[in-house]
Structures are given as C-alpha cells and as structure tokens.
Amino acid sequence: MALVEVKNLKKYFVNNDGLLYKLANKGPIKVKAVDDVSFKIEKEDTLAVVGESGCGKTTVARSVLRLIEPTAGEILYKGRSINNFNKQELKAFREDAQMILQDPRSSLNPRFIVEEIVSEPLYIHDQIKDDLNLLDRVWELLDLVGLSKRYSELFPHELSGGQARRVGIARALALQPEFIVCDEPTSGLDISIMSAVLNLMKKLQQEYQLTYLWISHNLHEVRYISNKVAVMYLGKIVEITDTDTIFNNSVHPYTEALFSSLRGINDNWNYQEHEIIEGEVPSPINPPAGCSFHPRCKYSFDKCKKVEPELKEVEIGHLAACHLYN
Amino acid sequence: MPDKILKINNLAVEYRNKGKYLRVLQDINLELDSGEILALVGESGSGKSTLGKTILRLLPDSARIAEGSIFFKGKDICNLSEKDFNDQIRGQEMAMVIQNPQNALNPVFKVGTQILDVLYFKSKKQKSRKELKKEAVEILKKVGISDPEYRFGEYPHQFSGGMKQRVMLAMAFISNPSLLIADEPTTALDLTVEAQILNLLSNLVDEYKTSILYISHDLGVVVGLSDRIAVMYAGRIVEVAQTRELFDHPNHPYTEALLKCLPDYKKTEELQTIPGQVPDPGNYPVGCNFHPRCSYSFERCRQEDPRLEKIASEHFSACFLNDR
C-alpha cells in the first residue's frame, strides 16, 4: 500500500467578488490550478514535482496536507481518506505529515525565538512531559540540522537564509513525522548552503525512513534527491516515472523541452546554438483547447488541438499524456 | 590585441556604517575586452552587485571609492562630474539590466511610452515622439514580442516576466552601448523563459558587439553564456579564467569547493559542502578571506593577503598554494 495516494485531485479557484464583475455579468472567473491529478508515493520514496511557475505544483503540495480544501478528488494517507477526517483525526494526521515552506524567513514567527519556534509543534500536540526535557529536545533537533545550542536563543532576523531554512527543517522534524512536503526548500539559497541542505535532507531520510513530496524547479537538484519525478504543466501531470527514466528516456514533448534547457557544467554548449522552446506558459484562466501544450509543441497535429490526451502507461511504471504515444 | 573597453585598477569601495567605513570591495583588478562577455560569480554578500553599481556610479551616498580607478575606453570615469557622466556615459555608452523587471518599468506608463522616452532622449529631443513610434514598434518586434503594435499600448502589468525582461533588454540596447551590466537578469524567470532571454542576449551581443559584465550566482547559466569568468569571494576577486578552463581546471580552493557543491544532473557522487559562513563585510579575517573555511590553509594564509597572480595564460588566481 502506498503511503500517500492522490486520486483525481482538482482545485479550482473561483473569483466572483467585486462590483465590477457583477455589473459586467461575466460570470465567475475559474482558475483551474490543479486539474485531475493522480499519483502515489510509496514509503521512503521521494517524488519530485517539477514544472514552471503557475503550473500548480504548490497547490498540489498544500492540498495533500489539506491546508486547502480540494474542489474534487480524494487523498489517501495510509489507505484512509483524509478528506473526511474530523478535527481530531486531522490533528493526528498533521503529527505524521509536516511541511517545509518555501520562504525560510517569512515562515518563522518574527516574535518567537528559535526555541519557541521549534518547540511549538510539541506544545500543540501535547508532547511535553516537563520543561527541562523540552530544552534538551530542542537542542537535539537543532543539532540534527547542524545548528549549535546558542541558536535556540536567537530571533529569526538574526539568522542567515541557510540557518533560517535549517530551523524550518528542525521544526518539521519535531514531531518525528513520516511524511514531509518540501516546497522548494532550496530556492533562494547560495550554492554552498543549498548543497548542505540537500545533503541534510538525504541523510535525514535514510536515518528516519522519511517520505518526501519534493516541489522544485531545479532539475539538477531533482536528479540528486528524488527517485520519482512528476512533470506538471498547467495544472496537469504530463509525465510521471522514475528519475532515471525521465532524465534518459522522457517521452512527452514538454518534458523534452524542459530538459533540453538543462545543461551541465561539464557539457560544451552555449546559449546561441541552444535549442529553445518558443512561447510562454498560457494563462490557466483560459487554457488552450485540447492538449494545453499544443501551441508550443513542435510535434503537434490536428488531434492535439481538439482532444485532450489522457495520462496513459507507455511502458511499465511510465505514464505520459500525449497523443504521439496512443 | 583587442582594445580594453573597461579597466579597473586596485579598486576598493567602502560603506559608511555608524561613523566607520567598512571595506566591501578590495583590490579589484579587472579588464574587459570589447565584445566580450565576462561573468562575475559569487555568493550573496560577495560584493558582485556593488562592483556593478560602482562601474555605473550608482552607489548610494553612504558609499565611497577609497582607492583605485576605473578606466572606460581609456577615460578615468571616477573623476568625471556627475553631469558629464550622465550626459556622456550612463545610458549612452553603458547600460544596465537589473534583476527584477517588475521594478524597473514604471507601472503607470504604457510600455510603448517608456520605450519612446529612451528614443526621444537618444535623438537629443530633435524628433517628435510620433515620428519615433515606428522605430519603437520595430524594437519590440526585434526582441521577439509578438503582436508589437498592440503590445505597444499596454501597461507593464499586462506583460509577463519574460516579456518585461525583453523590453528591458530592448531599452538597454537602443543607445547601442559598448558595455552592458546585467545584474542577474534571469533570476526571477522560469527555466524555459530564461533560456529564451539568454539566447536573445547572446544574439544581441553578436549583432551590436557589446561587451557584457554578467553578474550571476548561477554557475549553470554562465557556463553557456560567458567567455571568461571572475569568481568573487568576500569582496575580492579570487580567480579569473576562460570559462572552460575555470570549470575544467579550477585553481583557487574556493572555486574548486563551489564546483563540488553544485548539484549537476550528471553528477552521481555525494555533494560537498563548504563549512562555515561567508564573513560579514567589514569583519573579514586577517590574511586570506577564505582561510577559515579552506581545507588547504597554512600559516601564511593567516597572515598575508594573497594577490591575484597569473598562473597560466589568461588564468589568474589569488592563492598562496601556487607559490609553494
């Protein structure tokens, strides 16, 4: 049984407020941020979700933890549907599933010192036996992420970006979760700090048998950290398979285009002869008919403009949504 | 030998903080050939943006040039009056593209109007804006904006990030500058759009023969763009080399460590990390700035400042290991 299973998840954001909208009588604006997404994450796996901004990857991350209510679809955690959890069950679930937020600084309360930030989950979930042990536990957690004891007395503004990120990780680990959603945990960090955070996350995964849902747009990092990759485009998964396959034998034209912009430091290349993909991601308010990638796709044919391709198996464990393979 | 468009000698820049001057740039020596793309890479706080701003004289009042000189086309631009600098150089011979295109365009004016302004001042107020409109549309078309006639009358918020950066590039290239300072122009953009912008930039450079000082923290980008790379650490340039040479044979321990930290899709081995933190400006250690974090450091590194020295043709490094 998969640890996390997402079935036909949909999240539409609807905007129908505002006097002008009502007067113009245009009807509500519907943004299909996530449109029919399904995937499974096995225990101790890392599923990376990649895609450009606005493709819905953060919305998926938030829906999986029920931080936002999905419009439709089901999310199973250890076989139980979290959609129907009552308040107590949800609280118990949040003990098991944690999140590392994208912005290391704004995700820490500026009026709390690090000790309070890291111990807050313990308070909320009633896991404190006595106050003396609490400080030990905080130090232990800080030590785990490579911060010395003295950091427990600092305020977030006294921390560097990398340190703030580590505090965020320590807080996520406080309740010894099994599943962590990591929303671009390395964005905005310098190279040397980024590699330290990546190594730390990998080490923690091995030590505590953690399962990650890893949101990222850095493909080099994805290669390093994940064993499964889902590529998203305009609210849909266009290809999902294991990391080795996606880097070597991807089939979807969008994956191909995305990875063609990927070059290593040891490759001989330059931007002038670089094959680039034309156009930009269309607006999710008014996505193109048929396959949403067809206006930018160099292989597109008649069917792509009319019929929306389904996510189908092209080989075992490798799914893609493209008419070329059906 | 091609002419040097930019020559920086022993430059040092200081910021005033609580009555004291903190040195944020030290011993900067750099040359730029015409038509060359030089990438300036380093982590945040290494002083790369400060250097870019110093060249364009955009430093705030609290900063001063403590030592050294900057020669642009053989002319000492540090001693030029502000008026002369503005009339002759800034926006004419030198242009800049900044990181966040959202902040660089005025939100209350149409994009077309803002391009017309640049053209109008370029024509020394001789031509009317009406006459220039055709030229402006032509420019939009050239940087790859579809339906330029229509886009001309739109406001910046109607443009996507990639399109705004295209407009910024268009405006920078209007005056046909000899030097363009690009301060992380693609950081805010998506992968595929980043590739588009850098492709456009490479083509514009080829066409206009402009030199570029490309400031970036992303080694993965500069490898496909630059001719040479200068690596900065804690206010100093620690290594300068041809792009391929730098990646294949890094000399300075900092460059070497940085390359080992970089996740790369072809790399399978464990990522390395650099222990410790980048020192705060004004609180640099005695001796080589990198020695507290360097695994090779020895006695001399703690006492003397290493200078940038030639170690091979067109390859300079500031490390005492080379003297051993």
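Asn8(A) is found in strand 1 (residues 4-15) of chain A, where strands are DSSP runs of E with at least two residues and helices are runs of H or I with at least four residues, numbered from the N terminus. This is a predicted model, in which local features need pLDDT of at least 70 and side-chain atom pairs count only at pLDDT 80 or more, while totals for chains, interfaces and linings use all residues. Residues are numbered from 1 along each chain as its sequence is written, and chains are lettered from A and ligands numbered from 1 in the order in which they are written.

The model scores ipTM 0.81 and pTM 0.86. Chain B averages a pLDDT of 89, and 99% of the residues score at least 70; pLDDT is the predictor's confidence in each residue, from 0 to 100.

Most residues other than glycine have a negative phi. Asn8(A), which is not a glycine, has a positive phi of about 45°, and Leu234(A), also a residue other than glycine, has a positive phi near 50°. Leu234(A) lies in the loop between strand 9 (228-233) and strand 10 (236-242) of chain A.

A residue is buried if 20 or more other C-beta atoms, placed from the backbone, lie within 10 Å of its own, exposed if 12 or fewer, and partly exposed in between.

| Residue | Other C-beta atoms within 10 Å | Class |
|---|---|---|
| Lys43(A) | 14 C-beta atoms | partly exposed |
| Leu234(A) | 24 C-beta atoms | buried |

Lys43(A) is placed in the loop between strand 2 (29-41) and strand 3 (46-50) of chain A. Not counting residues up to four places away in sequence, Lys43(A) touches Leu3(A) and Thr211(A), contact being defined by C-beta atoms, placed from the backbone, that lie within 7 Å. Between Lys43(A) and Phe259(A) there are 216 residues of sequence separation, and their C-alpha atoms are 27 Å apart in space.

**The interface between the chains**

In the model, 34 residues of chain B are in contact with 33 residues of chain A. On the side of chain B that touches chain A, helix 8 (191-208), helix 9 (219-222) and helix 11 (253-261) of chain B each supply at least two residues, and helix 8 of chain B gives the most, with nine residues. By class, this side of chain B has 16 nonpolar, 14 polar and four charged residues, where Ala, Val, Leu, Ile, Met, Phe, Trp, Tyr, Cys and Pro count as nonpolar, Asp, Glu, Lys and Arg as charged, and the others, Gly among them, as polar.

Note on methods
Two residues are in contact if their C-beta atoms, placed from the backbone, lie within 7 Å.
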